[in-house]
Amino acid sequence: MRQPKGKSGFALSLLLSLLFNLEWTVPAWIFLGLHFWKGISLWWFVISIILWVVFITLRVAVFGSLARAGNYKDPPKENKNPYSRKDTKK
């Protein structure tokens, strides 16, 4: 499979991960509702949204670095099979 060059793969993964993890913002929306209902500070809503974005970004970065760590090509090895055809051109 073709590997994306640059940060476009990271940005796409981050956006998809944020989209698929929208249910993690439920506490933030509860804080926003409590802001309008009980008058708690709006900063609770803002901090919870920021923490959600930071956590998802760190998770995507860690998984991306782990995936890149496993993507390397093995160096060519000498053929030690005695029954295989020998290459006569050198």
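The legends below describe close-up views of a predicted model.

Local features are given only at pLDDT of at least 70 and side-chain atom pairs only at pLDDT 80 or more, whereas totals for chains, interfaces and linings use all residues. Residues are numbered from 1 along each chain as its sequence is written, and side-chain values use heavy atoms, with hydrogens and water left out.

**Figure 1. Overview of the chain.** The chain has 3 helices and 0 strands, and from the N terminus on its elements run α-α-α. Helices (H or I, at least four residues) and strands (E, at least two) are DSSP runs, numbered from the N terminus. Of the 90 residues, 13% count as buried; buried means under 20% relative accessible area, exposed over 50%, and partly exposed in between (1.4 Å probe, protein chains only). The accessible surface comes to about 8400 Å², and 68% of this surface belongs to carbon and sulfur atoms. Accessible areas come from the Shrake-Rupley method with a 1.4 Å probe, and for residues only the protein chains shown count as cover. Among contacts (heavy atoms within 4.5 Å) between residues at least 6 apart in sequence, 65% join residues at least 24 apart.

**Figure 2. The largest nonpolar core.** Leu14, Leu18, Trp52, Ile56 and Val60 make up this core of 5 residues. Helices α1 and α3 (43-69) each supply at least two of its residues, and α3 gives the most, with 3 residues. A nonpolar core is a set of buried Ala, Val, Leu, Ile, Met, Phe, Trp, Tyr and Cys residues joined through side-chain atoms within 4.5 Å.

**Figure 3. Ile56 and Leu18.** Ile56 is placed in helix α3 and counts as buried because its relative accessibility is 0%. Leaving out residues up to four places away in sequence, Ile56 touches Leu14, Ser17, Leu18, Asn21 and Trp24. Ile56 and Leu18 are 38 residues apart along the chain, and their C-alpha atoms are separated by 6.8 Å. With neighbours within four places in sequence set aside, Leu18 is in contact with Trp52, Val53 and Ile56.

**Figure 4. Thr25 in the loop between α1 and α2.** Thr25 is located in the loop that joins α1 to α2 (26-37). At 7% relative accessibility, this threonine counts as buried. Its side chain makes a polar contact with the side chain of Trp29 (3.1 Å). A polar contact is a pair of N or O atoms within 3.5 Å; within protein, one must be able to donate a hydrogen and the other to accept it, and residues adjacent in sequence count only if both atoms are side-chain atoms. Not counting residues up to four places away in sequence, Thr25 touches Ile49 and Trp52.

Figure 5. Ser48 lies in helix α3 and, at 17% relative accessibility, counts as buried. The side chain of Ser48 reaches the backbone oxygen of Phe45 at 2.8 Å. Apart from residues up to four places away in sequence, Ser48 touches Ala28 and Phe31. Ile40 lies in the loop between α2 and α3 and is partly exposed, with a relative accessible area of 26%. With residues up to four places away in sequence not counted, Ile40 touches Phe31, Leu34 and His35.

**Figure 6. A nonpolar surface patch.** Leu12, Leu16, Leu19, Phe20 and Leu22 make a patch of about 520 Å². Leu19 lies in helix α1 (residues 8-20). Patches are made of residues with over 30% relative accessible area and no salt bridge; like charges are joined within 9 Å, and nonpolar side chains (Val, Leu, Ile, Met, Phe, Trp, Tyr) within 5 Å. A salt bridge is a side-chain nitrogen of Lys or Arg within 4 Å of a carboxyl oxygen of Asp or Glu.
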